[in-house]
Amino acid sequence: MDLVLIRHPAPAVDAGVCYGSSDVPLLDAAGASAQALAERLAELDAPPPQALWTSPLQRCAQVAAPLAQHWRCAYHVDARLQEIDFGSWERKRWDAIDRAALDAWAADLQHARAHGGESVAQFTTRVGQWFDGLTAVGSSDEHVSHCHVVTHAGVMRALASLALGVPLQTALGWPLGMAAIAWLRREGTSGAWRLVHWNA
Ligand SMILES: Cc1cc2ncn([C@H]3O[C@H](COP(=O)(O)O)[C@@H](O)[C@H]3O)c2cc1C
(Lines give C-alpha, C1' and ligand atoms only; values in the text may rest on other atoms or scores of the structure.)
Protein backbone atom coordinates (compact mmCIF):
# COMPACT_ATOMS: atom_id res chain seq x y z
CA MET A 1 0.00 0.00 0.00
CA ASP A 2 1.28 3.46 -0.93
CA LEU A 3 0.25 6.42 1.20
CA VAL A 4 1.31 9.76 -0.25
CA LEU A 5 1.00 12.72 2.12
CA ILE A 6 0.85 16.22 0.65
CA ARG A 7 1.15 19.39 2.70
CA HIS A 8 -1.02 22.23 1.45
CA PRO A 9 0.69 25.15 -0.36
CA ALA A 10 1.56 28.33 1.54
CA PRO A 11 -1.35 30.04 3.28
CA ALA A 12 -1.78 33.82 3.41
CA VAL A 13 -0.55 34.18 7.00
CA ASP A 14 2.28 36.35 8.29
CA ALA A 15 5.37 34.41 9.39
CA GLY A 16 5.37 34.16 13.18
CA VAL A 17 1.60 33.77 13.53
CA CYS A 18 0.23 30.63 15.24
CA TYR A 19 -2.42 28.81 13.22
CA GLY A 20 -3.64 25.23 13.37
CA SER A 21 -7.43 24.80 13.18
CA SER A 22 -7.92 28.35 11.80
CA ASP A 23 -9.34 28.23 8.27
CA VAL A 24 -6.77 30.55 6.68
CA PRO A 25 -6.87 31.08 2.88
CA LEU A 26 -4.20 30.04 0.40
CA LEU A 27 -1.72 32.66 -0.79
CA ASP A 28 -1.75 31.63 -4.49
CA ALA A 29 -4.41 30.32 -6.87
CA ALA A 30 -5.45 26.78 -5.85
CA GLY A 31 -5.88 25.46 -9.42
CA ALA A 32 -2.33 26.32 -10.48
CA SER A 33 -0.93 24.90 -7.22
CA ALA A 34 -2.85 21.65 -7.77
CA GLN A 35 -1.47 21.40 -11.31
CA ALA A 36 2.09 21.94 -10.04
CA LEU A 37 1.58 19.26 -7.37
CA ALA A 38 0.27 16.75 -9.94
CA GLU A 39 3.37 17.38 -12.08
CA ARG A 40 5.75 16.95 -9.12
CA LEU A 41 4.01 13.71 -8.09
CA ALA A 42 4.33 12.38 -11.66
CA GLU A 43 8.07 13.24 -11.62
CA LEU A 44 8.40 11.23 -8.39
CA ASP A 45 6.62 8.29 -10.09
CA ALA A 46 3.90 8.27 -7.45
CA PRO A 47 1.13 5.89 -8.57
CA PRO A 48 -2.18 7.65 -9.37
CA PRO A 49 -4.40 7.23 -6.28
CA GLN A 50 -7.66 5.31 -6.17
CA ALA A 51 -8.73 7.57 -3.31
CA LEU A 52 -7.84 11.07 -2.17
CA TRP A 53 -8.49 12.24 1.39
CA THR A 54 -8.31 15.83 2.55
CA SER A 55 -8.56 17.97 5.64
CA PRO A 56 -11.71 20.12 5.40
CA LEU A 57 -9.72 23.36 5.87
CA GLN A 58 -9.68 25.45 2.68
CA ARG A 59 -5.87 25.49 2.41
CA CYS A 60 -6.10 21.71 1.81
CA ALA A 61 -9.55 21.14 0.27
CA GLN A 62 -9.10 23.84 -2.40
CA VAL A 63 -6.16 21.95 -3.92
CA ALA A 64 -7.50 18.46 -3.11
CA ALA A 65 -10.76 18.91 -5.08
CA PRO A 66 -9.06 19.67 -8.45
CA LEU A 67 -6.53 16.90 -7.78
CA ALA A 68 -9.36 14.38 -7.27
CA GLN A 69 -10.86 15.54 -10.58
CA HIS A 70 -7.46 15.20 -12.25
CA TRP A 71 -7.13 11.57 -11.11
CA ARG A 72 -10.91 10.84 -11.34
CA CYS A 73 -10.63 9.08 -8.00
CA ALA A 74 -12.80 8.76 -4.89
CA TYR A 75 -12.74 11.95 -2.77
CA HIS A 76 -13.15 12.04 1.01
CA VAL A 77 -13.18 15.11 3.29
CA ASP A 78 -12.30 14.02 6.82
CA ALA A 79 -12.11 16.32 9.88
CA ARG A 80 -9.68 13.91 11.57
CA LEU A 81 -7.07 15.17 9.08
CA GLN A 82 -7.33 18.74 10.35
CA GLU A 83 -4.32 20.43 12.01
CA ILE A 84 -4.09 20.52 15.82
CA ASP A 85 -6.36 23.10 17.51
CA PHE A 86 -4.22 25.67 19.31
CA GLY A 87 -7.28 27.09 21.12
CA SER A 88 -6.83 30.68 22.34
CA TRP A 89 -3.42 30.87 20.62
CA GLU A 90 -4.97 30.62 17.14
CA ARG A 91 -4.09 33.62 14.92
CA LYS A 92 -1.91 35.17 17.64
CA ARG A 93 1.74 35.94 17.08
CA TRP A 94 3.89 33.29 18.80
CA ASP A 95 5.92 36.11 20.43
CA ALA A 96 2.69 37.60 21.83
CA ILE A 97 1.70 34.35 23.62
CA ASP A 98 2.35 34.22 27.36
CA ARG A 99 5.88 32.83 27.88
CA ALA A 100 4.87 30.78 30.94
CA ALA A 101 2.01 29.14 29.00
CA LEU A 102 4.40 28.27 26.12
CA ASP A 103 6.93 26.82 28.57
CA ALA A 104 4.20 24.75 30.29
CA TRP A 105 3.15 23.40 26.90
CA ALA A 106 6.72 22.46 25.91
CA ALA A 107 7.34 20.86 29.32
CA ASP A 108 4.34 18.51 28.96
CA LEU A 109 3.87 18.30 25.20
CA GLN A 110 1.57 15.25 25.33
CA HIS A 111 -1.02 16.50 27.79
CA ALA A 112 -0.71 20.29 28.24
CA ARG A 113 -3.75 22.26 27.09
CA ALA A 114 -2.73 25.71 28.30
CA HIS A 115 -4.38 27.19 25.19
CA GLY A 116 -7.71 25.40 25.79
CA GLY A 117 -7.53 23.61 22.43
CA GLU A 118 -6.35 20.05 21.78
CA SER A 119 -3.55 18.32 23.63
CA VAL A 120 -1.04 16.50 21.46
CA ALA A 121 -2.36 13.21 22.89
CA GLN A 122 -5.93 14.08 21.78
CA PHE A 123 -4.61 15.12 18.37
CA THR A 124 -2.58 11.93 17.79
CA THR A 125 -5.54 9.79 18.93
CA ARG A 126 -7.87 11.24 16.29
CA VAL A 127 -5.22 11.12 13.55
CA GLY A 128 -4.51 7.53 14.62
CA GLN A 129 -8.21 6.64 14.31
CA TRP A 130 -8.16 7.80 10.70
CA PHE A 131 -4.94 5.86 10.06
CA ASP A 132 -6.33 2.66 11.62
CA GLY A 133 -9.45 2.92 9.44
CA LEU A 134 -7.38 3.42 6.31
CA THR A 135 -5.03 0.53 6.96
CA ALA A 136 -7.98 -1.77 7.80
CA VAL A 137 -9.52 -0.96 4.40
CA GLY A 138 -6.15 -1.02 2.64
CA SER A 139 -5.36 -4.48 3.87
CA SER A 140 -8.65 -5.97 2.68
CA ASP A 141 -9.34 -4.05 -0.54
CA GLU A 142 -6.80 -3.93 -3.35
CA HIS A 143 -8.77 -1.05 -4.94
CA VAL A 144 -7.52 1.39 -2.31
CA SER A 145 -3.90 0.32 -2.33
CA HIS A 146 -2.79 3.79 -3.48
CA CYS A 147 -4.02 6.70 -1.38
CA HIS A 148 -3.13 10.37 -1.37
CA VAL A 149 -3.85 12.73 1.50
CA VAL A 150 -3.81 16.54 1.42
CA THR A 151 -3.22 17.68 4.97
CA HIS A 152 -1.05 19.64 7.41
CA ALA A 153 2.51 19.49 8.74
CA GLY A 154 1.45 18.27 12.22
CA VAL A 155 -0.80 15.55 10.73
CA MET A 156 1.94 14.39 8.35
CA ARG A 157 4.40 14.11 11.23
CA ALA A 158 1.84 12.26 13.36
CA LEU A 159 1.12 9.80 10.52
CA ALA A 160 4.84 9.23 9.88
CA SER A 161 5.36 8.69 13.61
CA LEU A 162 2.52 6.12 13.75
CA ALA A 163 3.52 4.27 10.57
CA LEU A 164 7.27 4.17 11.23
CA GLY A 165 7.08 3.72 15.01
CA VAL A 166 9.20 6.78 15.77
CA PRO A 167 8.30 9.15 18.63
CA LEU A 168 6.27 12.20 17.53
CA GLN A 169 8.94 14.36 19.22
CA THR A 170 11.44 13.01 16.69
CA ALA A 171 9.16 13.55 13.69
CA LEU A 172 8.42 17.13 14.88
CA GLY A 173 12.09 17.90 14.20
CA TRP A 174 11.97 16.74 10.58
CA PRO A 175 11.83 19.68 8.12
CA LEU A 176 8.69 19.94 5.99
CA GLY A 177 8.13 22.75 3.51
CA MET A 178 4.88 24.14 2.13
CA ALA A 179 3.42 21.80 -0.53
CA ALA A 180 5.96 19.16 0.57
CA ILE A 181 5.37 15.50 -0.31
CA ALA A 182 6.00 12.51 1.98
CA TRP A 183 5.52 8.99 0.68
CA LEU A 184 5.01 5.95 2.92
CA ARG A 185 4.84 2.38 1.66
CA ARG A 186 3.63 -0.70 3.49
CA GLU A 187 5.22 -3.88 2.20
CA GLY A 188 2.69 -6.62 1.47
CA THR A 189 4.57 -9.45 3.09
CA SER A 190 5.93 -7.96 6.32
CA GLY A 191 3.23 -5.31 6.84
CA ALA A 192 5.98 -2.89 7.89
CA TRP A 193 5.91 0.70 6.70
CA ARG A 194 8.92 2.42 5.22
CA LEU A 195 9.60 5.93 4.07
CA VAL A 196 10.03 6.29 0.29
CA HIS A 197 10.36 10.11 0.34
CA TRP A 198 10.24 12.83 2.99
CA ASN A 199 9.93 16.55 2.24
CA ALA A 200 10.19 15.93 -1.52
C1 LIG B 1 2.74 19.28 18.50
C2 LIG B 1 2.59 20.19 17.31
C3 LIG B 1 3.28 21.39 17.32
C4 LIG B 1 3.17 22.25 16.23
N5 LIG B 1 3.71 23.47 15.96
C6 LIG B 1 3.30 23.84 14.77
N7 LIG B 1 2.49 22.90 14.24
C8 LIG B 1 1.85 22.92 12.95
O9 LIG B 1 0.80 23.86 12.95
C10 LIG B 1 1.00 24.85 11.96
C11 LIG B 1 0.04 24.71 10.86
O12 LIG B 1 0.43 23.64 10.01
P13 LIG B 1 0.06 23.72 8.46
O14 LIG B 1 0.75 24.97 7.91
O15 LIG B 1 0.66 22.50 7.82
O16 LIG B 1 -1.42 23.79 8.37
C17 LIG B 1 2.42 24.73 11.50
O18 LIG B 1 3.18 25.67 12.17
C19 LIG B 1 2.74 23.27 11.77
O20 LIG B 1 4.09 23.02 11.96
C21 LIG B 1 2.37 21.89 15.14
C22 LIG B 1 1.66 20.70 15.12
C23 LIG B 1 1.77 19.85 16.22
C24 LIG B 1 1.02 18.55 16.23
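In this predicted model, the lining of the largest pocket draws at least two residues from each of helix 3, helix 4 (120-140), helix 5 (153-164) and helix 6 (168-172). The largest pocket holds about 530 Å³ of space. Its lining counts 28 residues, and those closest to the centre are Glu83, Ile84, Phe86, Trp94 and Gly154. Sorted by class, the lining of the largest pocket comprises 17 nonpolar, 6 polar and 5 charged residues.

Helix 3 spans residues 99-107, and its buried residues are Ala101, Leu102 and Trp105. Viewed down the helix axis, the buried residues of helix 3 fall within an arc of 100 degrees, so they line one face of the helix. An α-helix has 3.6 residues a turn, so residues three or four places apart point the same way. Arg99, Ala100 and Ala107 are exposed on the other side of helix 3.

Trp105 also belongs to a cluster, in which ring pairs link it with Phe86, Trp89 and Trp94. The structure contains 8 aromatic pairs. One of them joins Trp89 and Trp94 edge-to-face, at 6.2 Å centre to centre and with 70 degrees between the planes. Trp89 is buried, because its relative accessibility is 3%, whereas Trp94 is partly exposed at 31%.

Another edge-to-face pair is made by Trp174 and Trp198, with 5.2 Å centre to centre and 75 degrees between the planes. Trp174 sits in the loop between helix 6 and strand 5 (181-186), and Trp198 in the segment after strand 6 (193-197), so the pair ties together parts that are 24 residues apart in sequence. Trp174 has a relative accessibility of 22% and therefore counts as partly exposed.

Definitions and conventions
Residues numbered from 1 in each chain as written. Predicted model: local features only at pLDDT ≥ 70, side-chain atom pairs only at ≥ 80, totals over all residues. Heavy atoms only, no water. Buried < 20%, exposed > 50% of the residue type's maximum accessible area, 1.4 Å probe, protein only. Helix = DSSP H or I, 4+ residues; strand = E, 2+ residues; numbered from the N terminus. Arc of directions from axis to C-beta. 1 Å grid on protein atoms, 1.4 Å probe; cavity = no way out; pocket = protein on both sides within 12 Å on 5 of 7 lines; lining within 4 Å. Points joined across faces, edges and corners; volume = space filled by probe spheres on them. Nonpolar A, V, L, I, M, F, W, Y, C, P; charged D, E, K, R; others polar. Phe/Tyr/Trp six-rings, centres within 6.5 Å; stacked < 30°, edge-to-face > 60°.
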